[in-house]
Amino acid sequence: MKKVVIFTEGQGEQILIRQILWHLIGDQNISFECLELYGDNLRAVPFDYKSANPLIHYQIINVGNDERVSSAIKDRYDGYVSAGYEIVGVRDMCSSAYKKRSMEINLEVNNYFIQSYNEILQLGTTPVHFFFAVMELEAWILAMHKVLTRIDTQLTSEYIAEQLGYDLCVIDPETSFFSPANELAEIFTLAGKKYDKHRGDMENIAHNIFDEDILNVLEDKRFNSFTSFLLEIQKQYSEAKEVR
């Protein structure tokens with residue numbers, strides 16, 4: 001059975017990725033356990049899942065801070081490689097370090113951070129697959145805009161365009177919004193709802209993701225960072241099937 005560990009910067013990323021794995025790989029082929037880094041220790045958080053005969057097993061670890069993802073990977077690299085795991089990291093592009101360089105989307109700054117992390121995480125013969133959510137995790141959610149309509153039928157792309165002046169069927173949230181989290185919160189406000197990154201918010205969003213949302217992102221050509229992450233998961237699944 002193939003084994004992969006995914007380090008995420010926060011709870012929101014952990015919940016969203018858990019759901020993406022479920023839909024992209026399928027509940028008959030996967031097992032996963034969710035953990036959080038508490039001090040220097042790992043402890044279980046909701047929830048784990050195991051199919052009868054999984055092709056691939058994931059550990060999804062919330063490290064609790066964007067700047068801690070790379071250090072957590074470095075600290076645990078040898079142990080996970082020795083245990084036969086592949087390693088993935090995911091964090092937001094927008095951060096306090098980013099804002100010191102630019103207060104708007106800047107492709108040169110994006111490339112700087114991507115290249116820096118690629119260099120930092122060259123730790124051995126087993127590569128670390130590192131992905132930035134550009135600019136924040138919420139851009140990936142906005143790429144799956146039909147999820148919003150399932151949360152509230154009022155939140156169609158047409159209504160959002162009428163009220164906020166942009167069409168989620170046309171724009172790329174990764175290049176249109178410096179703070180996608182603020183945009184998502186504003187969309188929720190249109191329906192009299194709140195979004196503030198709490199577990200309940202993310203679980204509600206995750207439970208309204210369908211298979212078709214993931215496939216639509218893969219078929220679209222707009223969402224570079226999200227698509228790159230999904231393609232890596234597809235690759236892992238294909239390799240697991242070949243081993244089986």
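Which residues of H2 are buried?

Guide: The model shown here is predicted. In H2, the buried residues are Val69, Ser70, Ala72, Ile73, Arg76, Tyr77 and Tyr80. Helix H2 itself covers residues 68–82, a run of 15 residues. With 1.5 Å for each residue, a helix of this kind should span 21 Å, and the C-alpha atoms at the ends of H2 lie 22 Å apart, so the two values agree. After H2 comes Gly84, with a positive phi near 90°.

Another glycine with a positive phi occurs in a hairpin: Gly39, in the turn between S2 and S3, has a phi of about 65°. The hairpin has 2 residues between its strands. Strand S2 (residues 30–38) and strand S3 (residues 41–44) run antiparallel and are joined by 4 bridges. Within this pairing, Leu37 stands opposite Leu42 in S3.

The largest pocket holds about 400 Å³ of space. Its lining comprises 18 residues, and those closest to the centre are Ile114, Phe132, Val134, Asn224 and Ser225. Helix H4 (107–120), strand S7 (128–133), helix H8 (173–176) and helix H12 (224–243) each supply at least two lining residues, and H4 gives the most, with 6 residues. By type, the lining of the largest pocket divides into 8 nonpolar, 7 polar and 3 charged residues.

Note on methods: Residues numbered from 1 in each chain as written. Predicted model: local features only at pLDDT ≥ 70, side-chain atom pairs only at ≥ 80, totals over all residues. Heavy atoms only, no water. Expected span 1.5 Å × (residues − 1). Buried < 20%, exposed > 50% of the residue type's maximum accessible area, 1.4 Å probe, protein only. 1 Å grid on protein atoms, 1.4 Å probe; cavity = no way out; pocket = protein on both sides within 12 Å on 5 of 7 lines; lining within 4 Å. Points joined across faces, edges and corners; volume = space filled by probe spheres on them. Nonpolar A, V, L, I, M, F, W, Y, C, P; charged D, E, K, R; others polar. Pairing = 2+ DSSP bridges.
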